[in-house]
Amino acid sequence: MPTEDSKRLRAIYAGALQRDPEERSDYLSEACAGHPELRARVEALLHAHSQDFAEGDEVTQSVAGGAIEGKVIGPYIVRRELGRGGMGVVYLADDMRLARRVALKAITPELGADPGRRERLRHEARAAAALSHPGIATVYALEEIGDSLYLAYEFVPGESLRALLASGPLPIAQVVTIGAQLARALAAAHMGGVVHRDIKPENIMRTPSGAIKILDFGLARTEGVLSPKLTQSGLIVGTPAYMAPEQVLGQNVDSRTDMFAFGLLIYELASGVNPFAASTVSATLGRIVEVEPPVLSRIQPQSLPELDRIVSTCLRKDPVNRYQSTEDLVADFEQLEAEMARLRLRRSDRTGYQGTAVVRETRSTWWRTHQVTIVGLYLIAATLGWYVKEWIKVPVTESLFIGLGACAAVGGVLRSHLVFTECFNRQNLTAEVRRAARALLVADLVMAGTLVVDAVILRGWPLTAVLTMAFGIGIGLAALVLEPATTKGALGDA
């Protein structure tokens, strides 16, 4: 269909969906005046969509035939039901021929009753079976058992992306990882000439190891969506909420159709919402055709600009404006993965740097505390020396007091200088510590010795003598043990 005709069909169809069913006839008479073929096409679309894409429950029940567990279907023994949809029921089954567990899909009779359609199924199943990629569930066989068709493919343990979405949107890093794996799997399929046409959370599994696998490739190209026969029966291949606009309008589909569904899937994984979902199927389809979804980052602020761009490109209404090659999509996702890895590395480095800075600051605090504490001990020691001189007035106590005062003055000035340097001129702290180290050690040891002598003189006052002795020993140990440890912690081996 020419581009202008396609746009007109899209606009009229969307307008019809927005009106009540009883108003649509008058609307179409006016909108399609003079174009009976256009009106017929729009009416065919509306008729098909009015069926609301029934899930095929009656077909499912006839295939199941009552009890499920233990039911024998050809060479397969059914164990339990895995899921169901418009194209049939999926069972977990044992293949008795090769002693392996498989997923067995009972295909709806409408898809296999017509000989031409059945041959098309065989052809597409063979094409899907030829695909070999870790991200694609392997197709084993298309079985014709009696009048029914069954597709046997690899059973993939784990949980579907729909199950993951049950707890809300996924972290952006996880979305990017899933998107990259899914894009690579789709690229492999498209290179093999196979288009899935029904990419949705239910058809994507995540294994316990975190690997992503696409299911249902065996039915990927069963029919062109909304061909005349399918329109008449009301059976639509695909899931309404994940259809591309060209699918909704019954136009030709190709790999770019999968890209639209892919972009929609990534959007939902990241934000937790499908931007086109509405209360009815018709309203959903109308939104797919006409409504532009908000940029992902408006719904999910944690999104990245590059992820916004990738998703927006995939969700363009016109396939011409989407990625023209799945390989380009893969390249963009791999580049995004690499960029996120660099961001994580920088964040880790920054966190490590901040952690190191915190440790360094803690050690510096201990060093400053040590300096201030020792200055306090100097004052106490000088005060004790003063009292000893006053209690015992002999020349030696005066000399001891003068020595204590001198050592306290030297040590107090030097330590105050070092604390000032550490706070305001840290780049020179190491050099200043080296310059002051010997003088501080001498002052501390002289003061410690002087206090010990004072304690001996004060032996007539036992309590005072013990306290003086304790101060002397404390200053000596601080000079010989604590001072080197706190200084090395704050400044390192330098």
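Where is Ala99 found? Ala99 sits in the loop between β3 (88-95) and β4.

## Basis of the model

This is a predicted model, in which local features need pLDDT of at least 70 and side-chain atom pairs count only at pLDDT 80 or more, while totals for chains, interfaces and linings use all residues. Residues are numbered from 1 along each chain as its sequence is written, and side-chain values use heavy atoms, with hydrogens and water left out.

Helices (H or I, at least four residues) and strands (E, at least two) are DSSP runs, numbered from the N terminus. Buried means under 20% relative accessible area, exposed over 50%, and partly exposed in between (1.4 Å probe, protein chains only).

Ala99 has a positive phi of about 50° although it is not a glycine. With a relative accessible area of 73%, Ala99 is exposed.

Arg197 is not a glycine either, and has a positive phi of about 75°. Arg197 belongs to the loop between α8 and β8. Its relative accessibility is 9%, so Arg197 counts as buried.

Strand β6 (residues 148-154) is largely enclosed by the rest of the structure, because 6 of its 7 residues are buried. Strand β4 (residues 100-107) pairs with β6 in the antiparallel sense over 5 bridges; two strands pair if DSSP finds at least two bridges between them. Ala103 has Tyr153 in β6 as its bridge partner.

Strand β5 (residues 139-145) also runs antiparallel to β6, joined to it by 6 bridges. Ala141 stands opposite Ala152 in β6. β5 and β6 form a hairpin with 2 residues between them, and Gly146 in the turn has a positive phi of about 65°. In a regular strand the side chains alternate between the two faces of the sheet.

## The β7-β8-β9 sheet

An open sheet is formed by 3 strands in the order β7-β8-β9, with antiparallel pairing. Its edge strands, β7 (159-160) and β9 (212-214), each pair on one side only. β7 and strand β8 (residues 204-206) are paired over 2 bridges, and Ser160 has Met205 in β8 as its bridge partner.

Helix α8 (residues 172-191) packs on the sheet and touches β8 and β9; contact means heavy atoms within 4.5 Å. The direction of α8 makes about 40° with that of β9. Axes are lines fitted to C-alpha atoms, for helices over the stretch in contact, and angles run from 0 to 180 degrees between N-to-C directions.

Arg19 lies in the loop between α1 (3-17) and α2 (21-31). Arg19 is partly exposed, with a relative accessible area of 32%. Leaving aside neighbours within four places in sequence, Arg19 is in contact with Arg24 and Tyr27. The C-alpha atoms of Arg19 and Ala283 are separated by 9.8 Å, although the two residues are 264 residues apart along the chain.

Helix α12 (residues 281-290) has 7 of its 10 residues buried, so α12 is largely enclosed by the rest of the structure. Among the buried residues of α12 are Val281, Leu285 and Ile288.
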